[in-house]
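Student: Please take a close look at one part of this structure, the place where the two chains meet.

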Amino acid sequence: MADEASLILLVDDDFDFLEMNRHVLESKGYRVLCASDPDEALAKMGSDTPAVVITDLMMKTLDSGFLFSRRLKEDRRFKDIPVIIVTAVGSRCGFDFRPRTQEELQAMCADAYFAKPVTPEKLLEKVEELLMRRGREGAT
Amino acid sequence: MNAEACRIMVVDDEFGIREGCRKILVSEGYEVETAEDGAAGLELFKTRGGFAAALVDLKMPRMGGMELVEQIQKHDEDVVTLVITAYATIDTAVEATKRGAYGYIPKPFTPDELLLPVRKGLEKRALSIETKRLREEREKRLLEVAFERSKSNTIINCMADGVLVINREKQLVLRNVAAARVIPGCADAPLPASLDGVVDSAELRTLLAETLAAESRPLIAAKEIGLGKCTYMVNASPVIDPNGDILGAVAVLRDITALKRLEVAKSMFVSMVAHEIKNPLAAIEGYLNVILSGVAGEDPQRDRSMMRRALVRAATLRTMVSELMNLTAMETGHFTLKRSPLDIGTVVALVVDSYKERAQEKEIELSVACNGTVEQVLADKDAMICTFTNLIDNAVKYTPEKGHVGVRVHHDGIYVTVSVRDDGIGMTPDERDRAFDEFFRAKNEYTARIPGTGLGLSLVKRLVEMHQGKIALRTAPGQGSEFVVSLPTAG
């Protein structure tokens, strides 16, 4: 179990993806904020700062997710928030964005990358791993 | 020539010669008729006709032999005329032949001396008639060939497919109008022209060269070749003479651009359908996995909520499949309308009624207005229910809580018009343009959680058009949408 009531931000235009993961994350005690695109996410966040951001890549535009993760990393308030990119862009459009190295992952301003479909268990695992890592780094 | 069929005329003023000739000739099987002078001979020739030969005395009263020969020749140049003369001189012979006589027989003569030139003359006549027949036949054939050639040229030039013919030296020797259009290089080139000089497409040149070099016959090569912006199916085959030698090659170019486009559209549609089916299935599978694995804990309320959502997706999927089946049936012409006089106002009221509850849940004011007397429309009831269900369902779905949906039925004697108007989210101009496309769904914060197949409106449009009606859409973002269906009245 992570810190009490860490906020997880889920951004995806697939309502069922949001629902499914919201249920799983909420069942583990996280607070979950769902948004169908980055603008809505930023608006809903208000002054609340998420502990982890899970975002889709292709929403309103092909690179909505990239622009969002960069925007977070470039913002002083959000730059330390781990970002997980989850996308079906590979199977849907044939683009291969999958990062091969840590450098490539960093270049897309992300801390983890999943190709859809990904099970909520896998995402949960990654969320907890990132939170633990962050906790350790915070402690040192 | 059969001797029996030969009729010979003997013209002589001496009875003895006449009868002597008759006896000799008849004994040989000829048919003989006689006349006693030139004038009587000509008369006989004209009235009886059909003489193959004429034996004519030179010196006769009324009309001499020379003149008679001339007259006979005028009528029928194939008649063998022989002059019988007591004055057998070279001069007479020359004169007689000049006038058209075949020869002369000097008096007195033995039967053989008479028969020999007659036989020879008749043989020559037969030969000349045959030659003439052959010549006429040949001329007729030539005419036919010329006609055939111009006919085939006309046909080849009228063909929609391009035709190219090359000889063994790889020179273009024929191209029709369509080919000249497809391959501008060969349009004005004087023929024969080197293939390399007039055909840009290396693919086409190679295909023709390969056809010329064909080892196994018959060889017909078919290949898709892109020329300019179009795609052509090129069929090339060698031109083979009766000895089996390849004289050249002929290529027929058929424009299959439209077919290719259709092929692409079809596979795009199939891939779209696959995606649209995969998404709800993936969602259903996802929910079931979460519930069954227990990863979201054992909260029955949570499970129910996910199951409800899975059910919504399953229902959408089922609707989509039946809508797809309807659309496919329309495409293949297996969708038939059972049209009967229908009161559209009643149908609309029925559909509106069935949405009352849903509207109440969202506190949407759903109203229906119908003006005056009812005009009937010749329509399929199920198709009309499907049409207005889709429109009213959309209006209720895409209108936020506490909104308004107004349905109006109006008629002007020519059309019955049904307007379904909401004050919901509306559409951008781009969304409006694509609203009737298969699988198009406006994607935004609001629509994301609303289930839909993206097929409803394209189905509605087709159904309305099948009833000779039209559908219009007026919409703007934030200002709601209005769909107006106009159907011609039964009267």
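Tutor: What follows goes through the contact between the chains, from the whole down to one pair of helices. This is a predicted model, in which local features need pLDDT of at least 70, side-chain atom pairs count only at pLDDT 80 or more, and totals for chains, interfaces and linings use all residues. Residues are numbered from 1 along each chain as its sequence is written, while chains are lettered from A and ligands numbered from 1 in the order in which they are written. The model has an ipTM of 0.86 and a pTM of 0.57.

Chain A gives 15 residues to the contact and chain B gives 19; two residues are in contact if their C-beta atoms, placed from the backbone, lie within 7 Å. On the chain B side, α9 (257-293) and α10 (300-332) each give two or more residues. Helices here are DSSP runs of H or I with at least four residues, numbered from the N terminus. The largest share, seven residues, comes from α9(B).

Now the pair of helices. The axes of α1 (residues 15-27) of chain A and α10(B) come within 11 Å and cross at roughly 170°; axes are lines fitted to C-alpha atoms over the stretch in contact, and angles run from 0 to 180 degrees between N-to-C directions. Therefore α1(A) is roughly antiparallel (over 145 degrees) to α10(B). From α1(A), A:D16, A:E19, A:H23 and A:S27 meet B:R302, B:M306, B:R309 and B:R313 of α10(B).

Terms used: Parallel < 35°, antiparallel > 145°, perpendicular 65-115°, else oblique.
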